[in-house]
Amino acid sequence: MTSVLINLAAEQKSADVTDWAARIGWVVGLLLFIALVYWLMREGWKWRATLQGDLPELPTAPAEPGTPSLTMTGRYHGSTTAGQWLDRVVAHGLGTRSRVELTLTDQGLGVVRPGAQDFFVPADRLRGARLDKGIAGKVLAEGGLLVITWEHGGKQLDSGFRSDRAAEHAAWVEAIASLQAPAQPQHNENQTEGAR
């Protein structure tokens with residue numbers, strides 16, 4: 001019996017020694033790859049901001065913005081070119097997600113973003129609001145996102161917001177629709193068709 005144990009002990013080999021140099025090399029290589037991907041993403045973000053450099057500075061709130069008709073706290077999820085929910089606008093910090101406080105007055109929409117640039121959308125530049133399910137980088141349940149369309153620098157933009165109380169979204173859509181004065185074509189009754 002002892003000879004069997006001695007034979008078994010002699011046949012057992014020690015475990016292979018870990019090749020630490022190879023393991024460290026793989027870890028360093030992986031970290032360098034992650035850093036490269038992060039750098040490329042950052043450069044892409046800067047490049048997009050450069051392409052959107054023709055967008056003017058964001059308007060600021062007037063000294064007397066008026067009496068608030070609606071207020072909301074929640075999240076700002078970003079802005080895109082109107083109607084193109086994947087074409088993110090990053091110029092002037094519009095691509096930065098943040099907490100948000102919205103205030104709607106008869107003069108326009110105040111957007112206060114802690115940690116990001118605040119801006120103001122005058123009432124005559126508001127183009128509408130709707131309930132939607134997504135905007136670049138964020139997809140929610142149907143109707144979970146308040147998307148406000150506005151004009152800035154000759155471009156129409158969609159900005160996505162989500163209230164801390166999603167039931168408020170419908171009231172915002174109605175209030176912004178009521179702010180928009182329908183553009184009525186003016187007709188001169190004294191003009192006749194074909195007259196110069």
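Predicted model: local features only at pLDDT ≥ 70, side-chain atom pairs only at ≥ 80, totals over all residues.

Visitor: Which residues does the network of salt bridges around Arg130 join?

Guide: Besides its bridge to aspartate 132, arginine 130 forms a salt bridge with aspartate 158, the closest N and O atoms being 3.2 Å apart. Arginine 130 lies in strand β6 and aspartate 158 in strand β10 (residues 155-163), so this pair ties together parts 28 residues apart in sequence. Through shared partners, the salt bridges join into one network Arg130, Asp132 and Asp158.

Visitor: Is aspartate 158 buried or exposed?

Guide: Buried means under 20% relative accessible area. Aspartate 158 has a relative accessibility of 3%, and therefore counts as buried.

Visitor: How many residues apart are glutamate 151 and arginine 127?

Guide: These two form a salt bridge, glutamate 151 with arginine 127, whose closest N and O atoms are 2.7 Å apart. The pair links distant parts of the chain, with glutamate 151 in strand β9 (residues 145-152) and arginine 127 in strand β6 (residues 126-132); the separation is 24 residues.

Visitor: Which side chain of opposite charge is nearest to arginine 113?

Guide: Arginine 113 lies in the loop between β4 (108-112) and β5 (119-122). Its side chain reaches the backbone oxygen of glutamine 117 at 2.8 Å. Arginine 113 is buried yet has no salt bridge. A salt bridge requires the atoms to be within 4 Å, whereas the nearest side chain of opposite charge is 5.4 Å away, that of aspartate 118.

Conventions:
Residues numbered from 1 in each chain as written. Heavy atoms only, no water. Helix = DSSP H or I, 4+ residues; strand = E, 2+ residues; numbered from the N terminus. Buried < 20%, exposed > 50% of the residue type's maximum accessible area, 1.4 Å probe, protein only. Lys, Arg positive; Asp, Glu negative; His and termini not counted. Polar contact = N/O pair within 3.5 Å; in protein donor to acceptor, adjacent residues only side chain to side chain.
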